[in-house]
Amino acid sequence: MPLDQRTYAVQDREVFEWLREKISQTRRIRPENVQMNSSLAEDLVPDSFELIELVCEIEKKFGFTIDYDDFAEIESVSDVVDFIQHRGATH
């Protein structure tokens, strides 16, 4: 459900669990290997195509568009959760 149809106070844990599921499905890894401090580029999404795919999934799920330049500075799963929370609060 897009963010604009939900309350803007999306819980970090809810976002993290969704993100964990998406990454583990895409990379075919165990969900417990996706942690808040996991590095996207080094541990989870080393392929730029997979990163673009993840960005598209985030856009679809949370109902906002992402400038890829903004997303380029994101390093960890925690950064992604914070980014989604911040964008959701300002959307």
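**Salt bridges and a negative surface patch**

The structure, a predicted model, holds 6 salt bridges. Among them is the pair formed by the side chains of E17 and R13, with an N to O distance of 3.0 Å. Both residues belong to helix α1 (residues 12-27), where they lie 4 residues apart, about one turn of the helix. R13 is exposed, with a relative accessible area of 53%, whereas E17 is partly exposed at 32%.

E17 also forms a salt bridge with R20, the closest N and O atoms being 3.9 Å apart. R20 and E17 are 3 residues apart in helix α1, a separation of about one helical turn. With a relative accessibility of 14%, R20 counts as buried.

A further salt bridge is formed between R27 and E50, whose closest N and O atoms are 3.1 Å apart. This pair links distant parts of the chain, as R27 lies in helix α1 and E50 in helix α3, 23 residues apart. R27 is partly exposed, with a relative accessible area of 30%, while E50, at 16% relative accessibility, counts as buried. Through salt bridges that share partners, R13, E17 and R20 are joined into one network.

On the surface, a patch of negative charge is made up of E42, D43, D67, D69, D70, E73 and E75. At least two residues of this negative patch are supplied by each of α2 (40-44) and α4 (68-71). D67 is located in the loop between α3 (48-62) and α4, and is partly exposed, with a relative accessible area of 41%.

Technical notes:
Residues numbered from 1 in each chain as written. Predicted model: local features only at pLDDT ≥ 70, side-chain atom pairs only at ≥ 80, totals over all residues. Heavy atoms only, no water. Patch = residues over 30% accessible without salt bridge, like charges linked within 9 Å, V, L, I, M, F, W, Y side chains within 5 Å. Areas by Shrake-Rupley, 256 points an atom, 1.4 Å probe, with all protein chains shown as cover. Salt bridge = Lys/Arg side-chain N within 4 Å of Asp/Glu carboxyl O. Lys, Arg positive; Asp, Glu negative; His and termini not counted. Charge placed at Lys NZ, Arg CZ, Asp CG, Glu CD. Buried < 20%, exposed > 50% of the residue type's maximum accessible area, 1.4 Å probe, protein only.
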